[in-house]
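Dear colleague,

Please find the structure below, followed by an account of what was found in it.

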Amino acid sequence: MASVQYFVTRHKGQWMVALNCEYSGPYATEEEAIRVAVGAAHKEGKVGRDAQVLVQGHDHRFRHE
């Protein structure tokens with residue numbers, strides 16, 4: 001499992017990115033939230049930390065991005 005996990009999810013009706021139960025956003029679209037989360041994960045990788053992005057679907061299940 002990755003040491004850092006970013007979750008893209010709808011929170012209170014808005015697209016948000018969660019890390020350690022803290023939310024950033026809101027973002028206008030799911031795609032924008034994913035872009036932000038993937039960018040943050042890449043930054044983690046550049047400093048040697050394993051990171052992943054999980055996106056919550058309409059069925060409430062998470063998929064890797």
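Which residue in S2 is the bridge partner of His 11? The partner is Gln 14. Strands and helices here are DSSP runs, numbered from the N terminus (strands E, at least two residues; helices H or I, at least four).

This is a predicted model, in which local features need pLDDT of at least 70, side-chain atom pairs count only at pLDDT 80 or more, and totals for chains, interfaces and linings use all residues. Residues are numbered from 1 along each chain as its sequence is written, and side-chain values use heavy atoms, with hydrogens and water left out.

S1 and S2 run antiparallel and are joined by five bridges; two strands pair if DSSP finds at least two bridges between them. They form a hairpin with two residues between them, and Lys 12 in the turn has a positive phi of about 55 degrees. S1 also runs parallel to S4, again with five bridges, and Val 8 has Val 55 as its bridge partner in S4.

Ala 37 is in contact (heavy atoms within 4.5 Å) with Tyr 6, Val 8, Val 17 and Val 53, leaving aside neighbours within four places in sequence.

A search of the whole structure finds one aromatic pair (ring centres within 6.5 Å, the six-membered ring being used for Trp). Phe 7 and Phe 62 are edge-to-face (planes over 60 degrees apart), at 5.3 Å centre to centre and 75 degrees between the planes. Phe 7 lies in strand S1 and Phe 62 in strand S5, so the pair ties together parts that are 55 residues apart in sequence.

Yours sincerely

Note on methods. Phe/Tyr/Trp six-rings, centres within 6.5 Å; stacked < 30°, edge-to-face > 60°.
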